Amino acid sequence: MSMAPTDIAHLPLHLLLLSLLITTSSSAAEAEQPVHDLLLSFKASLHDPSGALASWSSSTPYCNWPHVTCTAAATNTSSVSVSLSLQGLGLSGDINASALCRVPGLAGLSLANNTFNQTVPLQLSRCASLVSLNLSAGAFWGPLPEQLAALADLTSLDLSGNDIEGTVPPGLAALRGLQVLDLRGNRLSGVLHPALFQNLTSLHYLDLSGNQFLESQLPPELGGMASLRWLFLQGSGFSGAIPDTFLGLEQLEALDLSMNSLTGAVPPGFGLKFQKLLSLDLSRNGFSGPFPTGIEKCLMLQRFEVQGNAFTGELPAGMWSLPDLQVIRAENNRFSGRLPELPGGVSRLEQVQVDNNSFSGPIPRSIGLIRTMYRFSASLNELNGSLPDNLCDSPAMSIIDVSHNALSGPIPEFRNCKRLVSLRLSSNGFTGTIPASLGDLPVLTYIDLSSNGLTGAIPAELQNLKLALLNVSYNHLSGRVPPQLVSGLPAVFLEGNPGSAVRDCRTTAMHH
């Protein structure tokens, strides 16, 4: 029977003291419940089909249990910091957060890569000592609870790869110590509240990518997050321009704004202060105008990806010779000008894709001097001149595509690129014969030399190759076609050549 306050006030003093003593001792007993009992209560509510937690037992110190880590607290050697690493154990069932959050010193909790199929438990907000919370890919759904803002010590929050929906609650701005926020691959929607970015100034990792229902412009407040090193916003419905404030993100190492609806010019000065930038991806947006030359100052840049926009003008010349640059992807834009000569001996370039632009002039000879180059793709441009005879000198070269240009002269002997898989030279003005040395390239699988002015016979040496495609149509080839090329190939295209043997061969091919 409960008592009204007036009833309590009229109790004799000894009964009042006894009542208080009982209440205090029961709550103290609850608070002082042994840690192994709390953890076993938490375990009891879980479904653990693989028995990953089967050895948890009160007969063993909980610090020795599998998936439990105990660390002496730095400030107080008598207290212990506890972390539970329960990721990928096939767990489901209920999460007994009320027991879990009474574990003293619970600093880390990972329930990632499990199948809980429930909303994010609100009671996790009572785990006041949590520093790291990882619920990624745990089959959680429903809204993102604003109550998590009560976890004042939290430095890392990962809810990625779930079905969390609704807006990002502005109350999370209270987590001022947060350094890592990963919400990628959910169903978040709506507009991002400016307070989130004004207050979370300790963040160095922010990932909101793959939330396609967000309807936001890039918040200018992001530019004030001076500690930000990794910013991933790809595929999340962002529109508008890049705010000028982004120019101040001097600690950035990776910036990915790809697959959005961003438009306008990239702000002048972009890149001037990005001394630590390793990876830039602005691909598949609607950016236009020239690309700022400040990118030449990004001396640590490894990846430059701007494909699928409407950029015009020249690619900044100095960018090509950045010492650590490995990837240039600028295809499907409106870039023009010449491809510059590169510092061949020291360049670390591996991949250059500049297809479908308006580049003109010759192919740089230095491409063949870059030992790491494995893909050079510049189709659908206005390149002219001859094919450099050293183009295939890189031991790594695997893919060459310079089709649909205005190149001319003979096809050089390609002897050195033993890793060449694909050679596409179609729709140019190449003349002379097909080099027999192509038959000595052991992994060459795709050859497209169609729509040129090639003459002579198809070399018998090509029969040495395990070709998936041979297209030599629409040239001036003549002579007999090597029989194995007709009978043994999945795809062979010989039409449009005047030689009678080629016509005979097409008839033969139909009978096979």
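This is a predicted model: local features need pLDDT of at least 70, side-chain atom pairs count only at pLDDT 80 or more; totals for chains, interfaces and linings use all residues.
Which handedness does the link of C63 and C70 have, going by the angle about the S-S bond? It's left-handed, with -90° about that bond.

As a reminder, a disulfide is a covalent bond between the sulfur atoms of two cysteines. If you number the bonded cysteines in sequence order, the pairing reads 1-2, 3-4, 5-6.

Start with C63 and C70, whose sulfur atoms sit 2.0 Å apart.

Next up is the bond between C101 and C127, with 1.9 Å between the sulfur atoms. The torsion about this S-S bond is about -70°, so this disulfide is left-handed. The pair ties together distant parts of the chain, 26 residues apart. You'll find C101 in the loop between α4 (97–100) and β5 (106–110), while C127 is in the loop between β6 (118–119) and β7 (132–134). C101 counts as buried because its relative accessibility is 15%, and C127, at 1%, counts as buried as well.

The remaining pair to look at is C392 and C417, joined with an S to S distance of 1.4 Å. Here the link is right-handed, with 90° about the S-S bond. This pair also links distant parts of the chain, 25 residues apart. C392 lies in the loop between β28 (382–386) and β29 (399–401), and C417 lies in the loop between β30 (406–410) and β31 (422–424). Both C392 and C417 are buried.

While you're looking at cysteines, take a glance at C298. Its relative accessibility is 0%, so C298 counts as buried.

Now for the space inside. How many cavities of 30 Å³ or more are there? The count comes to one, and the largest cavity holds about 40 Å³ of space. To find it, look for V168, L181, L192, L196, F197, L200, L206 and L208, which line it.

How values were computed
Residues are numbered from 1 along each chain as its sequence is written. Side-chain values use heavy atoms; hydrogens and water are left out. On a 1 Å grid over the protein atoms alone, a cavity is a set of points where a 1.4 Å probe fits but cannot get out, and a pocket is an open set with protein on both sides within 12 Å along at least five of seven lines; lining residues have an atom within 4 Å of a point. Grid points are joined across faces, edges and corners, and a volume is the space filled by probe spheres set on the points. A disulfide is a pair of cysteine sulfur atoms within 2.5 Å. Helices (H or I, at least four residues) and strands (E, at least two) are DSSP runs, numbered from the N terminus. Buried means under 20% relative accessible area, exposed over 50%, partly exposed in between (1.4 Å probe, protein chains only).
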